[in-house]
Every structure is written in C-alpha cells, then in structure tokens.
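Hi,

Here is the structure I promised to pass on. Have a look at it first, and then read on for my notes.

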Amino acid sequence: MREFTDWIKGRWGKAVKKTAAAVCALCLCMPQTVYGRPAVSSGNSIQIKDIPPAVSDSKNTNKVSFYRKNGTLYKTVSVDKEGYITLPGIKNTSACTFMGWSDKPGQTKAPKYETGQRIRINGNHKLYAVMFRRNREPDLKENQLEKVNLSKYRKVIFVGDSRTRGMEKTFLVDFGKVPKGVSMIARGGQGLYWLKQTAVQRLFAEVRCPASEKRPAAVIFNLGANDPSYGNAYITYMNQLAEKLKARGCKLFYMSVNPMNNAMRRSVYKNETKIRDFNNKLKAGLSDSFTYIDTYRFLMRTGYSTLGGVGKTVRYDDGLHYDSTTYKRIYNQCIKKINGK
C-alpha cells in the first residue's frame with residue numbers, strides 16, 4: 001500500500017495525501033472478489049462462492065401495431081416488462097361501430113379481443129379494428145317482434161336506466177305503443193340508489209294481482225351501467241329483493257349491462273372493463289332466483305349501433321346509447337329468453 005501512496009504523492013503532490021490514504025483504507029475494508037464473483041474469507045484463505053452470472057436486464061421490445069378499418073396505422077404499443085399489453089379503444093365512424101380487435105383484417109363482428117383486455121404477447125403482432133357496419137343491422141318491424149307468452153306470464157316488466165327508457169321510446173316512436181303485456185319502469189342516469197328509493201315501490205305496485213292469478217309476472221332488471229363499481233352491493237340487494245318479489249308471484253331475470261365504446265366518452269366511471277367486471281360478478285353472485293340474460297355476448301357476436309336517437313331522429317353517437325334497431329333486437333332477445341326459446 002505504501003508504494004501506491006508514494007506513487008500518488010509523486011504524481012499529484014501533497015494535497016492528495018489524505019485522500020490517497022483514505023482510498024487505501026477503503027480498499028482494505030471492501031470484500032474481496034475473484035473474477036467479479038464474491039469471495040468468502042475463511043481464516044487466511046480465500047474461497048470462491050460459485051454463483052451463476054447475472055442475467056442482463058434487457059428491455060422487452062415486442063410491439064403490437066393496431067390498424068384502422070381502412071388499413072392505416074392507428075398506433076403502435078410496446079408490451080410492458082412482463083410481456084403484457086392493455087388493448088386500446090378507437091372511435092366509431094359515422095357508418096360503423098368499433099367492437100374490438102382481430103388478427104384478421106376486414107372482420108365486422110365477433111372480435112377476438114375487446115377494449116381494456118390485458119393480454120400477453122410474444123413477438124411483434126398486428127391487430128385490426130373490428131367495425132360493425134350499421135346498415136347491416138336488421139330493423140325489426142312490429143310483426144317481427146317476439147310476442148310475450150301471455151299464457152305463461154300475466155305481464156313483463158323491464159326495470160332499468162336510460163337504455164331501458166330508450167327502448168321504451170323506440171316503441172312509442174316507431175309503433176305508437178309498447179308491445180302487448182309489457183310495461184317499463186325506467187329513468188336516465190340511475191342505478192342502485194334509485195332502484196332502492198323509487199323503482200321498487202313502483203314495481204311492487206305493478207305486480208299486485210288477485211290471489212286467484214296463477215301466472216307470474218316476469219321482471220327483467222337492467223341496471224349497473226351508471227354505477228358498475230358497485231357490483232357487490234347490487235348482488236346483496238338483489239338477492240334480498242328476490243325473496244320479496246317471489247312472494248308476490250314474480251319470476252326474475254337480470255339482463256347484462258350491454259357493451260359501450262368509451263373512446264366516444266372518455267369516462268373514468270364506466271368503461272368496457274368495468275362493465276365486463278360488473279357482469280361477471282352478477283352472473284356469479286346472483287342467487288338461483290334469477291335467470292341471467294346475456295345480451296352483452298349476443299351483441300358482441302352479432303353487432304350493434306350506438307346512435308343516441310330513436311326512430312329516424314339521430315342526434316349523436318356517445319358510444320353508450322343505442323339506435324332503435326339495436327333496442328328492438330335487445331328486446332327481442334329478452335322475450336325469446338323468458339319464453340324459453
């Protein structure tokens with residue numbers, strides 16, 4: 001060590017004498033290594049601890065390129081350090097509803113992936129927007145609507161938010177009345193609180209019937225779009241409510257919260273992931289008193305139109321409210337389900 005100190009002094013002078021001494025002391029205190037591997041002292045000998053070489057922390061460079069319907073690049077996204085990617089959304093066009101992503105270009109419905117899904121990617125991939133062509137959606141006429149089986153049910157009651165209200169408006173505008181044997185309890189922007197405070201009282205009044213009446217009333221609930229984070233609270237309340245409604249001669253159904261395109265709204269309170277989580281919770285948590293109607297999967301499989309107007313009056317596309325063609329198809333699917341088809 002003295003030779004090293006003398007060399008330092010000879011090269012840079014007395015000013016660094018203390019520094020050189022400190023460096024030498026530090027070297028004496030540091031653990032010894034052999035070829036970069038830690039060594040363990042055992043008496044006067046040095047033992048090499050054989051450990052595998054360190055793995056380099058190279059960045060995962062896998063990417064996914066997303067393409068619009070017209071074939072142009074929408075964006076390229078790199079996977080995270082674990083190799084996953086969260087799928088983005090893309091806005092609807094004036095003629096098409098964005099439904100999700102596929103590894104095949106030109107697909108118009110039944111996407112392989114949906115917005116907000118987190119998937120693992122190996123290698124670089126291309127995904128293509130699945131765009132449903134709204135002019136391909138059938139516009140059901142009044143005589144094409146599924147009729148309520150009035151020998152099985154004395155009435156059918158829909159309970160829901162603005163989407164149920166939109167369905168009701170569709171019938172009033174297109175046909176001048178709601179279908180026979182059907183009534184709707186609905187209000188825009190509402191959820192569990194409104195159901196507890198207002199809708200249930202109206203529902204109890206609707207399901208009153210003579211003691212001699214043997215046919216049940218079918219009640220179809222469709223709430224949750226406005227408060228999808230409260231899935232557990234819905235399950236608790238709905239299972240309690242079920243006993244009261246069954247005692248009043250009701251057969252109960254819960255319709256899934258149906259799909260949306262949050263790229264048209266940018267809402268943090270309701271989006272594709274929250275809606276899917278809500279649906280999964282209710283499907284698993286509702287008691288056997290309920291029959292689950294999965295219109296979400298029906299629409300993702302067959303397509304839908306989000307145009308916030310009914311009849312021939314189209315005002316806006318907010319990615320949440322449907323065109324009259326879609327409302328009628330949702331209604332038809334529900335009635336088929338309760339009729340046992």
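Below is what turned up, from the overall picture down to single residues.

Please keep in mind that this is a predicted model. The protein has 341 residues, of which 45% count as buried. Its secondary structure comes to eight helices and 14 strands. Among contacts with a separation of 6 or more, 71% are between residues 24 or more positions apart.

**Pocket and cavities**

Let me begin with the empty space. Rolling a probe the size of a water molecule over the atoms shows where such space is left. The largest pocket holds about 240 Å³. Its lining is made of 13 residues, and those closest to the pocket centre are Glu142, Glu146, Lys147, Pro179 and Lys180. By class, the lining of this pocket has seven nonpolar residues, one polar and five charged.

The largest cavity has a volume of about 70 Å³. If you want to find it on screen, the residues that line it are Phe98, Met99, Glu114, Thr115, Met260, Asn261, Glu272, Arg276, Tyr296, Met300 and Tyr304. At least two lining residues come from each of β7, α6 and α7 (295-302). Six of the lining residues of the largest cavity are nonpolar, two are polar and three are charged.

The second largest cavity comes to about 40 Å³. Around it you will find Phe158, Arg163, Thr164, Met167, Asn222, Met255, Asn258, Tyr327 and Ile330. Both α3 (162-174) and α8 (324-338) give at least two residues to this lining, and α3 has the largest share, with three residues. The lining of the second largest cavity divides into five nonpolar residues, three polar and one charged.

**Aromatic rings**

Next, the rings. How many aromatic pairs does the structure hold? There are 13 aromatic pairs. One of them joins phenylalanine 158 and tyrosine 331, a tilted pair at 5.8 Å centre to centre with 35 degrees between the planes. Phenylalanine 158 sits in strand β10 (residues 155-160) and tyrosine 331 in helix α8, so this pair ties together parts 173 residues apart in sequence. Are these two residues, phenylalanine 158 and tyrosine 331, buried or exposed? Both phenylalanine 158 and tyrosine 331 are buried. Phenylalanine 158 is also one of the residues lining the second largest cavity.

Another pair is formed by tyrosine 304 and tyrosine 322. Their ring centres are 5.8 Å apart and their planes stand at 80 degrees, so the pair is edge-to-face. Tyrosine 304 and tyrosine 322 both lie in the loop between α7 and α8, so here the parts tied together are 18 residues apart in sequence. Tyrosine 304 is buried, as is tyrosine 322. You have met Tyr304 already, among the residues lining the largest cavity.

There is also an aromatic cluster made up of Phe66, Tyr74, Phe98 and Trp101. Phe98 is among the residues lining the largest cavity as well.

**Proline 88**

Setting aside neighbours within four places in sequence, proline 88 is in contact with Phe66, Lys75, Phe98, Trp101 and Thr115. Proline 88 is in the loop between β6 (84-86) and β7. With a relative accessible area of 13%, proline 88 is buried. From C-alpha to C-alpha, proline 88 and tryptophan 101 are 9.2 Å apart in space, and they are 13 residues apart in sequence.

**Two backbone angles to check**

Most residues other than glycine have a negative phi. Alanine 110, although not a glycine, has a positive phi of about 50 degrees. Alanine 110 is in the loop between β7 (96-102) and β8 (118-120), and it counts as partly exposed at 37% relative accessibility. Arginine 266 is not a glycine either, and has a positive phi of about 60 degrees. You can find arginine 266 in the loop between β13 (250-255) and α6 (272-285). Arginine 266 is exposed, with a relative accessible area of 60%.

Notes:
Residues are numbered from 1 along each chain as its sequence is written. This is a predicted model: local features need pLDDT of at least 70, side-chain atom pairs count only at pLDDT 80 or more; totals for chains, interfaces and linings use all residues. Side-chain values use heavy atoms; hydrogens and water are left out. On a 1 Å grid over the protein atoms alone, a cavity is a set of points where a 1.4 Å probe fits but cannot get out, and a pocket is an open set with protein on both sides within 12 Å along at least five of seven lines; lining residues have an atom within 4 Å of a point. Grid points are joined across faces, edges and corners, and a volume is the space filled by probe spheres set on the points. Ala, Val, Leu, Ile, Met, Phe, Trp, Tyr, Cys and Pro count as nonpolar, Asp, Glu, Lys and Arg as charged, and the others, Gly among them, as polar. Helices (H or I, at least four residues) and strands (E, at least two) are DSSP runs, numbered from the N terminus. Buried means under 20% relative accessible area, exposed over 50%, partly exposed in between (1.4 Å probe, protein chains only). Contact means heavy atoms within 4.5 Å. Rings of Phe, Tyr and Trp (its six-membered ring) pair if their centres lie within 6.5 Å; planes under 30 degrees apart count as stacked, over 60 as edge-to-face and the rest as tilted.
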